[in-house]
Amino acid sequence: MAKAPAIQFKHIPHPAPVPGATREQAIADPGFGTVFTDHMVSIDYDEGEGWHSARLCAREPIMLDPAASVLHYAQEIFEGLKAYKLADDSMALFRPEQNAQRFNKSARRLAMPELPEEAFIEAVETVVKADRSWFPKVEGGSLYIRPFMFANEHFLGVRPAKKYKFLVILSPAGNYFKSGAPAVSVWVSDYTRAAPGGTGEAKCGGNYAASLVPTGEAFAKGHDQVVFLDAVERKWIEELGGMNLFFVFEDGTMITPPLSGTILPGITRDSLLTLAREEGLTVREERYSLDQWREDAGSGRLVETMACGTAAVVTPVGKVAGNDGEFTIGSGGPGQLTTKLREKLVGIQRGTVEDRHGWVRRIS
Ligand code: PLP
Ligand code: COI
């Protein structure tokens, strides 16, 4: 099959990049999601014409007609990945082809056009290269990459739009959790996030909009994240608002909820499944209930619970609370396996641990 011609990115010079001293101050302690770099990549799509007008340009506000369909029917998807610094000061992405594939899977579910995988990766690499000076100097820092696409046809009828915009922006990032606590505390919500046949496995903005009331409740009660149970029986653990979960038992078994269509197929989740098997653990993708979680934490059979995702990396869950009371996992702090898997994953991402699976893609 003939290879599709590569998309050419036009480089439009930034008229007024942020001055060096201001940038240095912004990236000194960026936290998560508040600081943004100078550039973005933009590609437009029109039915009949396909993808066009690919460009690297200044990050700037976008003009939207008030009738743009994303504003009414939320036809929007996004991805989240990071650029890491390797020991020799070069930069690398972690399994970006997985993000490109998941993006297209989300696109299909939201009736949006797919973007060729090579174009997705090239868009990401183009903006990362342009803004490499924004790499944060903090311990554990990275450039968080947010590719996203939305419908921008002016039309109020309910049908898939005929015009879309794809953008990639960057946000220098430190720790996702502000609390700085050694383990996070989670709140089990009575709200559900996704039902069978819905959009739970797609990374669409609407899923996150629906998670904001429960997340707000969790924050108001002093917790860091919300836990969602399944929408049918309201008993099986699904995932957190923005992370997948793993349960570790004293007999060397590890369980994570299966990809049944209602949870996000996390790339960190997939990587940890491989790394845990390499550590000799018996890993199962299997349903696990809230009642069992409480009972196993009480009996000591369950020794650790970890939350994982691009933004949060691998974070121990120390406390679980809900309307039926609360319980502590292990000692309430980071467990041995959580620490070991986190170090291994971060080591691979930063080039200090051998990359045996070809997960790291250097940006030249
Ligand atoms: N689950 C949800 C709902 C998420 O938003 C994320 C973050 O992207 C994850 C899980 C973890 O996915 P990944 O490891 O690909 O970042
Ligand atoms: C990520 O980990 O990349 C996420 O998208 C989680 C959250 C910031 C939405």
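# Notebook: pockets and ligands

**Entry 1, largest pocket.** I looked up the largest pocket and found about 1100 Å³ of space in it. I counted 48 residues in its lining, and the closest to the pocket centre are F32, Y176, Q225, G242 and A311. I am working from a predicted model. I sorted the lining of the largest pocket by class and got 20 nonpolar, 19 polar and nine charged residues. I then checked the domains: domain 1 (9-173) and domain 2 (184-350) each give at least three residues to this lining.

I read off about 520 Å³ of space for the second largest pocket. Its lining has 27 residues, with N175, A312, V313, V314 and R342 nearest the centre. By class I find 13 nonpolar, 10 polar and four charged residues in that lining.

Which elements supply at least two residues each to the lining of the second largest pocket? I noted β5 (81-85), β16 (313-322) and α9 (336-349). Of these, α9 gives the most, with five residues.

I listed the residues around ligand 1 and got 17, the closest being K203, Y208, E239, T268 and T310. Next I went through polar contacts to oxygen atoms of the ligand. For Y208, a side-chain N or O atom is 2.5 Å from an oxygen atom of ligand 1. For T310, a polar side-chain atom lies at 2.6 Å from a ligand 1 oxygen. R102 also has a polar side-chain atom 2.8 Å from an oxygen atom of ligand 1. I then looked at how much of the ligand is covered: alone, ligand 1 exposes 380 Å², and the protein buries 96% of that.

Around ligand 2 I found F32, F78, G80, Y144, R146, Y176, K203, Y208, G242, T310 and A311. I note that F32, Y176, G242 and A311 are also among the residues closest to the centre of the largest pocket. K203, Y208 and T310 are also among the residues closest to ligand 1.

I went through the polar contacts here too. The side chain of Y144 has an N or O atom 2.7 Å from an oxygen atom of ligand 2. K203 places a polar side-chain atom 2.8 Å from a ligand 2 oxygen. T310 makes its contact through the backbone, with a polar atom 3.5 Å from an oxygen atom of ligand 2.

How values were computed:
Residues are numbered from 1 along each chain as its sequence is written. Chains are lettered from A and ligands numbered from 1 in the order in which they are written. This is a predicted model: local features need pLDDT of at least 70, side-chain atom pairs count only at pLDDT 80 or more; totals for chains, interfaces and linings use all residues. Side-chain values use heavy atoms; hydrogens and water are left out. On a 1 Å grid over the protein atoms alone, a cavity is a set of points where a 1.4 Å probe fits but cannot get out, and a pocket is an open set with protein on both sides within 12 Å along at least five of seven lines; lining residues have an atom within 4 Å of a point. Grid points are joined across faces, edges and corners, and a volume is the space filled by probe spheres set on the points. Ala, Val, Leu, Ile, Met, Phe, Trp, Tyr, Cys and Pro count as nonpolar, Asp, Glu, Lys and Arg as charged, and the others, Gly among them, as polar. Domain bounds come from an automatic or database domain assignment. Helices (H or I, at least four residues) and strands (E, at least two) are DSSP runs, numbered from the N terminus. A residue is near a molecule or strand if one of its heavy atoms lies within 4 Å of it. A polar contact is a pair of N or O atoms within 3.5 Å; within protein, one must be able to donate a hydrogen and the other to accept it, and residues adjacent in sequence count only if both atoms are side-chain atoms. Accessible areas come from the Shrake-Rupley method with a 1.4 Å probe; for residues, only the protein chains shown count as cover.
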